[in-house]
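Please examine the structure shown below together with its sequence. The paragraphs that follow lead through it step by step.

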Amino acid sequence: MQAVNPHFPESGRIRDSRSGQTWRVDLGRLTCFQRWFRSSLRAKETVAAPSELLMQDAVMESSTMDRVDGNCESIVESTTGQDVHAAYDGSNVLFRLLRMISWGPGLMNLGYFRFRGPFAFLNLLINLENTQRRLVGKSIELLDVKGAQKILDVACGRGKSSFMMHCLNPEATIVGLDLLQRNIDVARLLFGCSPRLSYENGNAMHLEFESGSFDRVQCLEAAFHFPDRSRFLQEAFRVLKPGGRMVVVDFAWRQPEDRKCLEDPETRLVRDIWQWDDLYDVEEYKREARNAGFKEVETVDWSDRVTAPFQATFESLLAVRKRPWLRRRVLGVNPLLNSLSEDDWKQLEEIAKAHDYVRRRSQYMAFVFTKG
Ligand SMILES: C[S@@+](CC[C@H](N)C(=O)[O-])C[C@H]1O[C@@H](n2cnc3c(N)ncnc32)[C@H](O)[C@@H]1O
């Protein structure tokens with residue numbers, strides 16, 4: 001029998017004042033959860049062991065620091081005006097923080113969170129790579145792969161999303177494509193050596209594949225980088241076979257008027273960090289996809305599972321840092337965070353505010369389209 005804690009009702013509701021959402025609390029679960037929480041505080045290794053993280057960093061440093069002049073990168077950097085590499089090379093403190101928390105050489109997405117609302121701080125105690133994997137899993141579910149189909153994973157980053165597709169659909173043939181040659185190098189190093197999984201350096205807006213060569217196209221959390229998304233949609237339509245399906249997971253303005261914040265200092269900071277010019281609004285996304293020839297199958301708003309808990313986790317970390325007892329615990333769980341300077345933490349506070357500003361005006365969407 002569980003001991004009943006007199007401070008908690010048998011069941012009740014907690015209201016999150018930020019989002020206005022309410023959460024049902026179940027005492028049985030809560031006491032289990034309390035025990036788990038305490039034991040995870042004691043076990044300082046809930047997050048990947050530091051040595052593992054340091055090794056991941058070493059792999060990434062060796063791949064990102066070497067200046068490889070991949071043809072495609074230099075062409076694209078000169079034609080798009082984006083320095084996409086700057087978003088991922090550790091030159092901004094947010095990326096360095098993400099690398100300490102979860103972003104290794106495998107996945108580079110915000111993640112699909114289990115702990116949300118008032119429980120978001122718990123994300124500080126878990127290995128966030130699972131959260132990132134869950135996001136890929138959700139996208140693959142929407143892709144609805146069948147048997148020996150051919151799949152293009154556009155902007156595959158360092159290759160783990162393509163590798164996951166390969167593991168989940170062993171008969172399918174997967175091609176991962178990314179703009180940055182050094183990402184492709186890491187992907188090949190980590191996930192190469194399978195006849196049905198390959199990686200190529202290329203540009204989403206100029207796909208070098210024959211028309212009608214793929215059954216499925218996925219583009220997960222990357223199209224916001226593309227200066228010409230309509231061109232990408234046309235290219236994706238072209239390379240799909242008739243009846244083919246595409247999943248695009250991307251940020252979008254909530255309403256057309258939200259775009260007005262584009263030049264506000266907060267948005268500028270976020271745009272500089274992540275290297276993007278503008279977003280589509282949700283309706284514009286669907287319209288542009290229709291113009292490219294697609295039919296809309298499904299549109300899902302994942303903001304509640306991705307951007308909102310990501311923001312809340314980020315803010316929890318900043319809050320925890322100001323409370324010495326909790327700070328010691330969190331730094332005990334992830335000692336890599338000790339390497340951030342006071343100046344870094346101040347910058348992170350500004351960055352968190354700026355992200356919240358953009359988050360309130362945007363949504364994190366999953367679009368499913370078909371060709372015919
Ligand atoms: C946020 S990461 C997402 C990576 C991967 N989908 C994942 O979930 O881990 C965005 C990726 O988009 C890639 N990218 C940006 N612009 C691109 C373009 N024009 N063509 C192909 N890839 C691009 C970047 O190199 C980066 O790897």
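After H8 comes Cys-193, a residue with a positive phi near 70°.

The model is a predicted one, and its pLDDT averages 81 over the chain, with 76% of the residues scoring at least 70. Two stretches should be read with this score in mind. Residues 1-18 have a pLDDT below 50, and the model gives this stretch 26 contacts beyond near neighbours in sequence. The pLDDT is also below 50 over residues 23-79, a stretch with 67 contacts beyond near neighbours in sequence.

The chain contains 14 helices and 9 strands. It has 372 residues, of which 39% count as buried. Among the contacts in the chain with a separation of 6 or more, 76% are between residues 24 or more positions apart.

Another helix, H7, spans residues 160-168 and includes Leu-168.

The next step concerns a pair of helices. Two packed helices are described by the angle between their axes and by the distance between the axes. How do the axes of helix H9 and helix H11 cross? Helix H9 is formed by residues 229-239 and helix H11 by residues 282-292; their axes come within 9 Å and cross at roughly 45°. H9 is therefore oblique to H11. The crossing in which H9 passes H11 is right-handed.

Which residues bring the two helices together? From H9 come Arg-229, Ser-230, Leu-233, Gln-234 and Phe-237, and these meet Glu-288, Ala-289, Asn-291 and Ala-292 in H11. Sorted by class, the contact of H9 with H11 has 4 nonpolar, 3 polar and 2 charged residues. The spacing of such positions can be read against the geometry of a helix. An α-helix has 3.6 residues a turn, so residues three or four places apart point the same way.

Definitions and conventions:
Residues numbered from 1 in each chain as written. Predicted model: local features only at pLDDT ≥ 70, side-chain atom pairs only at ≥ 80, totals over all residues. pLDDT = per-residue confidence, 0-100. Contact = placed C-beta atoms within 7 Å. Axes fitted to C-alpha atoms, helices over the stretch in contact; angles between N-to-C directions. Helix = DSSP H or I, 4+ residues; strand = E, 2+ residues; numbered from the N terminus. Parallel < 35°, antiparallel > 145°, perpendicular 65-115°, else oblique. Left-handed = near helix turned anticlockwise from the far one by under 90°. Nonpolar A, V, L, I, M, F, W, Y, C, P; charged D, E, K, R; others polar. Buried ≥ 20, exposed ≤ 12 C-beta atoms within 10 Å, placed from the backbone.
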